[in-house]
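Good morning. I have one structure to go through today, and I will keep it brief. Please have a look at the slide first.

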Amino acid sequence: MKLEFSAADEAFRQEVRAFVAANLSDDIKRKVELGLRLEHEDYVTWFRKLESRGWITPGWPVEHGGPGWNHVQRYIFDEETLLGGAPRIIASGIQMLGPVLIAFGTEAQKKRYLADIRHSATWWAQGFSEPGAGSDLAAVRTTAVKGSDADGEHFIVNGHKVWTSYAQWCSMMFALVRTDPTAKAQEGISFLLIDMKSPGIDLRPIRMLEGGTDLNEVYLDNVRVPAENLVGELNNGWSYGKYLLGHERTGIAGIGSCKQQLARARTLAAQQGLGDDPLLRWRLAQFEIELMALEFTALRLLSANQKSRVPAVEASMLKVRGTELRQAIFELLVDIAGPNAVPFSAASQFLDGVAEGPAPVELGSLAANCLDSRKLSIYGGANEVQRNLIAKAFLAP
Amino acid sequence: MDFSLNDEHVALRDAVQRFCDGEYPAHQRGNLETPAVAATRWAGMAELGLLGLPFDPELGGSGQSAIELMLVAQEFGRSLGGGGWLSSVVLAGQLLAETGTPGQCSRWLPALASGELRLALAFGEADSRYDLAHVAATARMVNGAYRIDGRKTLVLDGDTADVIFVVARSAGAVHEPHGLTIFAVDAKAHGVHVQPFTTLDGRGAAHVNFDGVQVDADAIVGTAGEALPLLETAVDRAAAALCAEAAGAIEALLDLTAEHLRTRKQFGAPLAKFQVLQHRVADMLIALEQVKSMACAAAMAVDAGDVPQRRHIVSAAKALAGQLGRQVGLAGIQLHGAMGMTDECRAGHYAKRLLVINQLFGDAAHHLQRLASQPQC
């Protein structure tokens with residue numbers, strides 16, 4: 001047991017910090033720190049910087065372009081990039097599809113897609129949720145019927161996907177579709193790669209509480225998908241989906257984000273003249289101990305397993321605690337804003353709109369950020385579902 | 001940054017667990033110890049090497065660190081056992097080992113390690129709450145000897161200690177950080193009045209009056225007039241160990257609770273099938289992992305010896321263990337239903353220990369305050 005990071009880890013931390021300082025543009029950094037909207041080109045710009053350094057795919061194996069970091073290095077990377085004001089690696093091609101293709105894709109699929117994911121040339125949409133299948137993902141009803149014609153074997157896909165993040169920036173989608181309607185819920189689902197420019201795809205943005213439109217509905221009407229776009233075996237898509245959701249758990253607790261927001265709270269509190277407010281000091285201290293407990297728990301559970309894949313129950317625990325803590329910190333931010341949390345304008349969500357915003361620059365986005373943070377306990381398996389998993393594993397006879 | 005246990009750690013933990021399973025039968029955990037039972041257990045702890053764990057081998061110990069003490073404390077937490085160990089070994093014993101003269105150490109530590117001697121640390125007073133500098137008891141030089149007067153309260157294991165380390169003021173006013181001195185006093189010395197009592201969680205303690213107790217200068221443990229940093233270190237060590245005890249107690253209580261939920265049926269189904277109860281258990285499990293992690297961090301911070309870092313992490317750990325421990329303890333009673341309210345059911349005994357753990361060596365509010373008033377580290 002050792003509380004200090006090794007000299008090599010500290011050197012790595014300095015390396016990441018210096019890289020962020022040298023490569024992150026002031027505009028992007030300011031948007032992240034003020035919780036403002038990031039555009040597609042902001043992400044691409046930053047991701048390509050990371051790519052040029054070999055750091056864009058921390059969770060990928062070395063032979064596919066991963067940096068070969070251990071769990072502590074990955075943890076340090078997450079923390080330093082977020083504290084430095086860099087955008088999170090939100091691309092589902094990098095976070096989700098890449099590991100699935102590496103594990104289950106054909107050589108042709110790997111060759112065709114992986115490099116474009118790394119270079120941010122292709123953005124992938126995640127086509128999992130449907131109006132009737134949220135946390136209960138096995139209830140997907142979008143169908144894919146296999147057939148063949150003069151152009152070869154293909155699937156015809158019909159259905160309706162929803163909550164598809166950033167679909168407006170995506171040229172491809174990976175989706176769970178039902179290929180055997182007679183099989184039990186989890187069986188009969190397949191994992192398909194769908195070109196978003198295919199005829200029959202209709203995209204509708206959903207306007208969210210805080211004014212954002214990054215989530216979409218995707219309607220699929222007789223969309224033709226070449227048979228070679230099937231990943232792995234037919235009717236075995238559920239297990240690939242589970243693999244995907246179980247991957248990339250290192251960052252699941254969002255510790256870097258929590259630290260980023262708590263630092264924001266301290267700065268804003270001082271600016272608002274609340275630096276010596278005893279009740280606020282108490283709350284900040286409470287958040288600090290809860291964050292420390294989360295951080296040490298993540299490091300302990302990772303080191304107990306000595307690898308980046310944390311068993312499902314531990315991952316669920318980190319997800320529940322990390323997301324609820326982050327949400328609570330966002331509530332604290334709203335409290336710090338006081339009456340300034342009330343005025344709202346869509347313009348205040350954009351960097352160039354901030355100056356005319358109704359509230360002081362730093363406060364205009366707090367309430368929107370707080371509302372947006374409610375998604376944390378809903379996506380990736382609602383926290384109630386995580387609690388079911390945690391308890392059932394423990395209470396099993 | 002490494003939280004993993006090595007093979008020796010695991011072996012120690014397993015040995016202590018076997019000892020506790022034998023000495024503290026599940027249905028008796030938390031019960032008051034009779035003097036005879038307490039003596040047998042104390043001898044057993046000595047035999048296993050637990051009473052000399054952190055001391056030098058030439059003084060009968062095995063030179064282990066706070067990590068090993070944490071592992072032992074966690075098992076004592078699980079079995080509601082180890083009565084007397086915290087006071088003698090963690091609190092007073094380590095204070096002596098760190099600051100005592102070679103003569104003092106060789107006089108008391110081998111005897112402690114072999115189970116012939118018990119120590120206690122008397123630092124609290126009626127008005128001191130958790131302020132270690134609040135000492136009204138006085139030590140005055142009279143004819144070349146010290147004369148100690150004052151009333152010390154809540155001396156853990158003060159009812160059975162052979163030697164009591166008492167904090168008295170040799171200079172300065174009641175709150176001043178300087179002027180404190182620790183004296184080793186024989187519990188049977190003239191003028192020492194021990195009023196034993198039982199704590200909420202069924203353990204021995206005492207209020208101890210010192211009325212004109214005479215000691216020589218060689219009874220001083222550590223530096224005269226500058227005892228506060230020593231005392232703070234000792235109390236931080238005990239607080240860190242209590243975090244580990246809390247982790248063990250929470251773990252055992254969760255096992256008991258799971259067993260109850262699996263077997264107790266209502267509305268035609270085992271309670272474990274009810275989602276509202278499952279979610280409470282999930283939150284208790286998440287609390288457990290956090291307390292375990294903070295207990296590790298606190299032990300490592302105690303070992304590292306960097307004082308600001310130790311204050312910061314021990315305070316965070318103790319505040320969290322206090323809050324979550326009590327929360328889980330009281331939830332454990334609720335999940336046991338009316339049975340949880342009875343003296344027979346062990347759930348309540350774990351709850352009592354967890355409640356007491358929060359109140360000792362600084363409660364959650366005290367440690368939040370200490371953390372908030374420290375510079376960031």
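In chain B, the C-alpha centres of domain 2 and domain 3 lie 30 Å apart. This is a predicted model, and the domains I refer to come from an assignment for chain B: domain 1 covers 7-117, domain 2 covers 120-226 and domain 3 covers 229-373.

How many residues bring domain 2 of chain B into contact with domain 3 of chain B? On the domain 2 side there are 11 residues, and they meet 12 residues of domain 3. The domain 2 side of chain B that touches domain 3 has seven nonpolar residues, with two polar and two charged ones.

Now to the contact between the chains. Chain A puts in 31 residues, and chain B puts in 31 residues. On the side of chain A that touches chain B, three helices each supply at least two residues: α9 (278-305), α10 (312-337) and α12 (383-395). Which of them gives the most? That is α9 of chain A, with 14 residues. Sorted by class, the side of chain A that touches chain B has 19 nonpolar residues, eight charged and four polar.

A word on confidence. Where pLDDT is low, predicted coordinates should not be read in detail. For chain B the average pLDDT is 97, and 99% of the residues score at least 70. For the complex, the predictor gives an ipTM of 0.95 and a pTM of 0.95.

That is what I have on this one.

How values were computed:
Residues numbered from 1 in each chain as written. Chains lettered and ligands numbered in written order. Predicted model: local features only at pLDDT ≥ 70, side-chain atom pairs only at ≥ 80, totals over all residues. Contact = placed C-beta atoms within 7 Å. Helix = DSSP H or I, 4+ residues; strand = E, 2+ residues; numbered from the N terminus. Nonpolar A, V, L, I, M, F, W, Y, C, P; charged D, E, K, R; others polar. Domains from an automatic or database assignment. pLDDT = per-residue confidence, 0-100.
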